[in-house]
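Visitor: I have a structure open here and would like to talk it through. Can we go over it piece by piece?

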Amino acid sequence: MWQLKPLLLLLGVLLGALACTVAGDGGMPLVIPITKHMDTLLYSVSAPVAENDQITNHLVLDLSGPIIWSTCPDGYVALGCTSPACIQANRFHPPNCQQTGYGKPDADNPHRCKCTAHPYNPVAGDRASDDMTEFTTSVNATDGKNPLYTVSFVVSTSCAPESLLTGLQWDSVGVVGLASSALALPAQIADTQKVPNKFALCLPSGYSDGVAIFGGGPLFLLPPGSPDVVATLAGDTPLRKHGKSTGYYITADKGIAVNQIQVPLDGYGAAPLLIALSSTTPYTALRSDVYRAFITAFDQATSEMARIKPEMPPFELCYNSTQLGSTRVGYAVPQIDLMLEGGKNWTLFGGNTMVQVYDQTACLAFVQMREENKQYGYGGSPKEAPAVVIGGFQMENNLLVFDVENQRLGFSSLLFGRQTTCSNFNFTMPA
Ligand SMILES: *[C@@H]1O[C@H](CO)[C@@H](O)[C@H](O)[C@H]1NC(C)=O
Ligand SMILES: *[C@@H]1O[C@H](CO)[C@@H](O)[C@H](O)[C@H]1NC(C)=O
Ligand SMILES: *[C@@H]1O[C@H](CO)[C@@H](O)[C@H](O)[C@H]1NC(C)=O
Ligand SMILES: *[C@@H]1O[C@H](CO)[C@@H](O)[C@H](O)[C@H]1NC(C)=O
């Protein structure tokens, strides 16, 4: 017996050292369920809102959003103008917002400066100015397989007037920005949890929850025994910046292929194509010049397939879906390749390209970009708009890994090919 004690002690020291190493490198990633709202086609997370965690409300996800904002409860405390969060908040202004300065005097205490932020609604294209505040939120830690335990931490957010909620789903109280700025959720989690500024996003297509993992991975989806999706991605490509936008961009340096044939593009539409990723755009939008060439190519590649006329705006090419073949990755239609910088293709199959509009009608789920694209603040010159804005429908049931630290985007391709979906995370906490 006497020998056991020093051994246990030694083991304790070793385990302690191990635990220290793990804690030194960082904490556990956090897992958050994602809901799709079927009326607005927006994706949201539920969040206990400031000082009232009895009420669960929704916050809409915005990949391009630099901050987190919501309507604030009475009696919230505004952050001061010299707080680090205030300085960060004022590095980002919504498109066309001329506002400068950090804040204004507090009405209750004229000697105190209240910090002002500039929340932006990506759906309506509206902006506002309101106080910065902070509140405690709770999220589950994960080993990539299940939620394990709840951690609480303070997040810096902006308040917003009720009117800024226009266009969001009815039960939304704000927006969670996922962009690469210091006040977006990924950076705030990285900061407080000591995990990498890297997140895995798996958008659901239906009523069951999808999943996001902040801190990178791993991520295991049912059925049990499937490999870590983060470690078995199909490819990755550099993330790029575009002007003053805080959103994520990638480049298709060889353009787009339909049915493995490159779509001919010329003028300013020629490759390399700038591609934005937008969680608040329901269907991928193509700049007019690219759209026309792309539709022509898809039309030709599907000339044998039974059409439904008249077309159903905003979609132009619709098919009798009872006559389309089915595969594991959706309807048997020509594949679409985004030929990305770095040499890998992001390949889109029927499951991400054809939307079921009616019982017997499926349409090519790509739309023409509006000339005045207020959602992205490009407005004027079409040359400034990205050639492609990848929308939610094309991202669903794909795992996307935004490695903000290393500025790379990893992608899995359609998970149906691996016999799983984004709604297959096991949200049951082990006993
Ligand atoms: C943590 O996970 C459990 C099990 O899914 C869930 O009931 C709980 O609401 C989660 N907690 C938070 C803070 O999300
Ligand atoms: C990418 O797609 C193009 C067009 O379909 C094809 O020619 C090329 O071989 C693909 N590249 C890779 C690396 O799969
Ligand atoms: C689709 O094709 C089937 C079989 O040919 C036909 O019965 C049906 O009426 C068509 N549907 C539409 C909407 O045209
Ligand atoms: C989900 O996780 C729980 C807790 O570890 C486990 O008991 C259950 O069997 C898992 N479900 C499936 C379908 O694997």
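**Rings, bridges and ligands**

Guide: F393 counts as buried, because its relative accessibility is 12%. Keep in mind that this is a predicted model.

Visitor: Which ring pairs with F393, and how are the two planes set?

Guide: The partner is Y283. The ring centres of Y283 and F393 are 5.6 Å apart and the planes are at 50°, so the pair is tilted. The two residues come from distant parts of the chain, 110 residues apart: Y283 is in the loop between strand 19 and strand 20, and F393 is in helix 6 (residues 392-395).

Visitor: Is Y283 buried or exposed?

Guide: Y283 is buried, because its relative accessibility is 17% and the cut-off for buried is under 20%.

Visitor: How many aromatic pairs are there in the whole structure?

Guide: A search finds 11 of them. Among them is Y283 with F315, an edge-to-face pair with 5.0 Å from centre to centre and 90° between the planes.

Visitor: Where do Y283 and F315 lie in the chain?

Guide: Y283 is in the loop between strand 19 (273-277) and strand 20 (284-286), while F315 is in the loop between helix 4 (288-301) and strand 21, so this pair ties together parts that are 32 residues apart in sequence. F315 is buried too, with a relative accessible area of 7%.

Visitor: Which rings form a cluster?

Guide: F199, F214, Y248 and F402 form one aromatic cluster.

Visitor: New topic. How many disulfides does the structure hold?

Guide: It holds five disulfides. One of them joins C81 to C113, with the sulfurs 1.9 Å apart.

Visitor: What is the handedness of the bond between C81 and C113?

Guide: The torsion about that S-S bond is about -80°, so the disulfide of C81 and C113 is left-handed. C81 is in the loop between strand 4 (68-70) and helix 2 (84-89), and C113 is in strand 6 (residues 109-117), so the bridge ties together parts that are 32 residues apart in sequence.

Visitor: Which of those two cysteines is buried, and what about the other?

Guide: C81 is buried, with a relative accessible area of 10%. C113 is partly exposed, at 31%.

Visitor: What does C202 bond to?

Guide: C202 is joined to C422, with 2.0 Å from S to S. The torsion there is about -75°, so the disulfide of C202 and C422 is left-handed. This pair links distant parts of the chain, 220 residues apart: C202 is in strand 12 (residues 198-202) and C422 is in the segment after strand 31 (408-411). Both C202 and C422 are buried.

Visitor: And the bridge from C318 to C363: left-handed or right-handed?

Guide: Right-handed, because the torsion about the S-S bond of C318 and C363 is about 100°. C318 is in strand 21 (residues 318-320) and C363 is in strand 27 (residues 361-364), so the pair ties together parts that are 45 residues apart in sequence. The two sulfurs are 2.1 Å apart.

Visitor: How buried are C318 and C363?

Guide: C318 counts as buried at 2% relative accessibility. C363 is buried as well, at 0%.

Visitor: What is the pairing if the bonded cysteines are numbered in sequence order?

Guide: The pairing is 1-6, 2-4, 3-5, 7-10, 8-9.

Visitor: On to the ligands. What surrounds ligand 1?

Guide: Ligand 1 has S138, N140, P147, T150, F427 and M429 around it. Strand 9 (130-142) and strand 10 (147-159) each supply at least two residues of that shell. By class, the shell has three nonpolar, three polar and no charged residues.

Visitor: Which protein atoms lie by its oxygens?

Guide: A polar side-chain atom of N140 is 2.3 Å from an oxygen atom of ligand 1. A polar backbone atom of F427 is 2.4 Å from an oxygen atom of ligand 1. On its own, ligand 1 has 360 Å² of accessible area, and the protein covers 51% of that.

Visitor: And what surrounds ligand 4?

Guide: The residues around ligand 4 are N146, L222, P224, N426 and P430. Taken alone, ligand 4 exposes 360 Å², of which the protein buries 46%. Its shell has three nonpolar, two polar and no charged residues.

Visitor: What distances do N146 and N426 have to an oxygen atom of ligand 4?

Guide: For a polar side-chain atom of N146 the distance is 2.9 Å. For a polar side-chain atom of N426 it is 2.3 Å.

Technical notes
Residues numbered from 1 in each chain as written. Chains lettered and ligands numbered in written order. Predicted model: local features only at pLDDT ≥ 70, side-chain atom pairs only at ≥ 80, totals over all residues. Heavy atoms only, no water. Near = heavy atom within 4 Å. Polar contact = N/O pair within 3.5 Å; in protein donor to acceptor, adjacent residues only side chain to side chain. Areas by Shrake-Rupley, 256 points an atom, 1.4 Å probe, with all protein chains shown as cover. Nonpolar A, V, L, I, M, F, W, Y, C, P; charged D, E, K, R; others polar. Disulfide = S-S within 2.5 Å. Helix = DSSP H or I, 4+ residues; strand = E, 2+ residues; numbered from the N terminus. Buried < 20%, exposed > 50% of the residue type's maximum accessible area, 1.4 Å probe, protein only. Phe/Tyr/Trp six-rings, centres within 6.5 Å; stacked < 30°, edge-to-face > 60°.
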